[in-house]
Amino acid sequence: QEKLKMKMMLCAAALLSALAVNTATAMDQGDWLLRFGGSYVDPKSNNSEIVDVDSAASFTFNFSYMMTDNLAVELLAAWPFTHDITLKDGTKVAKTDHLPPTLSLQYHFAPQAKFQPYLGLGLNYTKFFNEKTVGPLEGSSLSLDSSFGLAGEVGADIMLNDKWFLNLSVRYINIETDATLDGGSLGKVKIDPWVYGGNIGFRF
């Protein structure tokens, strides 16, 4: 009898503890989430018939607002990414900076769990600037137009406690720009990168 009561009390205590932890780590309507870390932008191959755009890494951060327990809106921002631009034979001919602000609607599948996967879909705006020609094209004027495109993401938040969490994400962003050199068209450059991110997050 006493052993049975003790086992029941221990089971009840363990269940209450699990529920308390689960509640403490839950994402709730009205929460703000800040994630900050780094991202690696990996453009597709064969960006155009003339040039290729190399990969780049930079500091990124994003804010999410939980509109409901499952739906969130997220704004992605970053420190500028710097990409080398090369000819098909690998000769570096230019470099450019870009900023990729992206607004997405996310669906969080398990906001009550410690492992919280989500999917997102949104709109990306990419601004190119600081275009600079080097090597065989040094002295020429390169211009890359801004780009609007769809962006998709899959990610997960891994709760460490009731405030802090780890985050991993993979995005695909449709980025296409019209390039001109000394006023002459070089055609469309299709960057369309995969973006891999790792972050530390804070809930408030």
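Predicted model: local features only at pLDDT ≥ 70, side-chain atom pairs only at ≥ 80, totals over all residues.
1. Residues are numbered from 1 along each chain as its sequence is written, and side-chain values use heavy atoms, with hydrogens and water left out.

2. On the fold: the protein chain has 14 strands and 1 helix (DSSP runs numbered from the N terminus, with E of at least two residues for strands and H or I of at least four for helices). Looking at contacts with a separation of 6 or more, 65% are between residues 24 or more positions apart (contact meaning heavy atoms within 4.5 Å).

3. Have a look at Ser 48, in the loop between strand S1 (32-42) and strand S2 (51-53). Ser 48 counts as buried because its relative accessible area is 12%. Its side chain reaches the backbone nitrogen of Ile 50 at 3.1 Å, and a polar atom of that side chain also lies 3.0 Å from the backbone nitrogen of Val 51. Beyond its neighbours within four places in sequence, Ser 48 is in contact with Lys 88, Lys 188 and Val 189. Val 189 is 141 residues away in sequence, yet the C-alpha to C-alpha distance is 5.1 Å.

4. Thr 60 sits in strand S3 (residues 56-66) and is buried, at a relative accessible area of 3%. Its side chain makes a 2.9 Å polar contact with the side chain of Ser 39 (a pair of N or O atoms within 3.5 Å; within protein, one must be able to donate a hydrogen and the other to accept it, and residues adjacent in sequence count only if both atoms are side-chain atoms). Leaving out residues up to four places away in sequence, Thr 60 touches residues including Phe 36, Leu 76, Phe 81 and Asn 199.

5. Which strand gives the most to the nonpolar patch? That is strand S11 (residues 164-173), with 3 residues. Leu 168 is found in strand S11 and counts as exposed, since its relative accessible area is 53%.

How values were computed
Buried < 20%, exposed > 50% of the residue type's maximum accessible area, 1.4 Å probe, protein only.
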